[in-house]
Amino acid sequence: MGDTEKQTIRATIAIIGAGPAGTAAAIHLGQLGVRDVVLLDAHDFPRDKTCGSGLSPRAIEVLRGLEVWGRVADRAYRIRGLRLVTPGGREAYLPASDEMDVAVCLRRDLDYTMLQRALELDVRFVANFRAHTPLVENGRWVGMRARDGREVRAEHLVIANGAHSKFIINDEPTHEINTIMGWWRGVPFQDGYLEMLFDQMVHPLYGWLFPESAERVNIGITYHDPEKRLKARDLFQRFLDKHYAARIANATPIGKWQGHPIRFAYTLGPLWSPGRVIIGEAGRMTHPATGEGIYQGMQSGIFAAEALDAVLHRRVSEAAAFSRYENRCRLRFLPSFYAGWAFRQLLRTPALDWAAALAANPAVQRGLSLGLSSI
Ligand SMILES: Cc1cc2nc3c(=O)[nH]c(=O)nc-3n(C[C@H](O)[C@H](O)[C@H](O)COP(=O)(O)OP(=O)(O)OC[C@H]3O[C@@H](n4cnc5c(N)ncnc54)[C@H](O)[C@@H]3O)c2cc1C
């Protein structure tokens, strides 16, 4: 690269971050016929992302709408049921109903597949662009400078760079779910079943085992530690010793354990300012009880794409379109975030133990698995 001009990337829309939120926004802009979109990420792809990689029925529905589910499904492991361990130590096996699609797709594959779909729709991708300094002119966000000095300038910026984003507006203290996880090959598990363990040691959150393929699983814990008193590795080791010691004894670990926060909020926004709209986990749109964020990221990306399409086709002002975007996110996500809050309170009671005790009854089984999949 030579002069400054060459180092400036120009586009109508620049999306910072190519996780599920950013790629969904890019794909949907393409589906709507919006061109001149650039997607920039701090990494080159395929890349890993610390994540359980679970896809809920609502996430799969969104992937269908983005016309990418077929390809994701080829790489995903299909889930047919849930092994549930309650706070009181009861165990229940809950088969998913035939109509309920659940899957696990390694994030390395999911995000890369979505990026490929965006490229097919003429979205440009710029790798290794670590956004650092917003370019603001007369109060309007007009671009972003990367650590290496490159710049992107655009009519509209979409902020999609996840939990650690510094480009957000809401400076209220955000809530955090702490996590630590690892990957293994050769852990025995019931074919097609993922596992959620609501153990007291991680109350009011849970530990999990998600199968990524017939041979490979990820195991992790989510926990609440706002004052950072707990040692993540010690807590995880105790959890593994209690629940998985026998099953991982002969398994092969893959890579190192990884920790990563999940950021969430019970109030959303503000999610925009002139020139800037915030989507996905950067906007704190993750589920407070389960930590689910792939669906919310993609869905908010789609809403943002629709807002941008409306602005670019001069149907509405940017302020009206982005305000509507913010309202749509609130209406779509907040009911389930409040349900997540209620579920966390419910875990203080023996309700889940009672339900699991009755889980031999098919109606209770159905109710439990429906309830758990829709919180
Ligand atoms: C341990 C763990 C387990 C989880 N399990 C699940 C699960 O099973 N199912 C589920 O639905 N959700 C799960 N989540 C939540 C989910 O991973 C996130 O909520 C989701 O990835 C958010 O998507 P996003 O696109 O907003 O952000 P991200 O997926 O975080 O993507 C952000 C992108 O921005 C890029 N980026 C970051 N900073 C910059 C920068 N400065 N400049 C340019 N690019 C940048 C990153 O490289 C990345 O590609 C889990 C999270 C954790 C931590």
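Predicted model: local features only at pLDDT ≥ 70, side-chain atom pairs only at ≥ 80, totals over all residues.

**Exercise 1.** Determine whether the radius of gyration of the chain agrees with that of a compact globule.

*Solution.* Begin with the chain length, which is 375 residues. For that length, a compact globule would have a radius of gyration near 21 Å. The chain has 21 Å, so the value agrees with the globule rule. Next, consider the extent along the principal axes: the C-alpha atoms fill a box of roughly 65 × 40 × 40 Å. Finally, 46% of the residues count as buried.

**Exercise 2.** Describe how helix 3 and helix 8 pack against each other.

*Solution.* Two packed helices are described by the angle and the distance between their axes. Here, the axes of helix 3 (residues 57–65) and helix 8 (residues 294–312) come within 8 Å and cross at roughly 35°. The crossing is left-handed. Then identify the residues that meet: helix 3 contributes Arg58, Ala59 and Val62, and helix 8 contributes Ile294, Tyr295, Met298, Gln299 and Ile302. Sorted by class, this contact has 6 nonpolar, 1 polar and 1 charged residues.

**Exercise 3.** Which residues have the most contacts inside the largest nonpolar core?

*Solution.* The largest nonpolar core has 110 residues, and those with the most contacts inside it are Ala14, Ala25 and Val158. The largest share of this core, 10 residues, comes from helix 8. Now take Ala25 as an example: leaving aside neighbours within four places in sequence, Ala25 is in contact with Ile15, Val158, Ala160, Ile279, Gly301, Ala304 and Ala305.

Note on methods:
Residues numbered from 1 in each chain as written. Rg over C-alpha atoms; globule rule 2.2 N^0.38 Å. Buried ≥ 20, exposed ≤ 12 C-beta atoms within 10 Å, placed from the backbone. Axes fitted to C-alpha atoms, helices over the stretch in contact; angles between N-to-C directions. Helix = DSSP H or I, 4+ residues; strand = E, 2+ residues; numbered from the N terminus. Left-handed = near helix turned anticlockwise from the far one by under 90°. Contact = placed C-beta atoms within 7 Å. Nonpolar A, V, L, I, M, F, W, Y, C, P; charged D, E, K, R; others polar. Core = buried A, V, L, I, M, F, W, Y, C linked by C-beta atoms within 7 Å.
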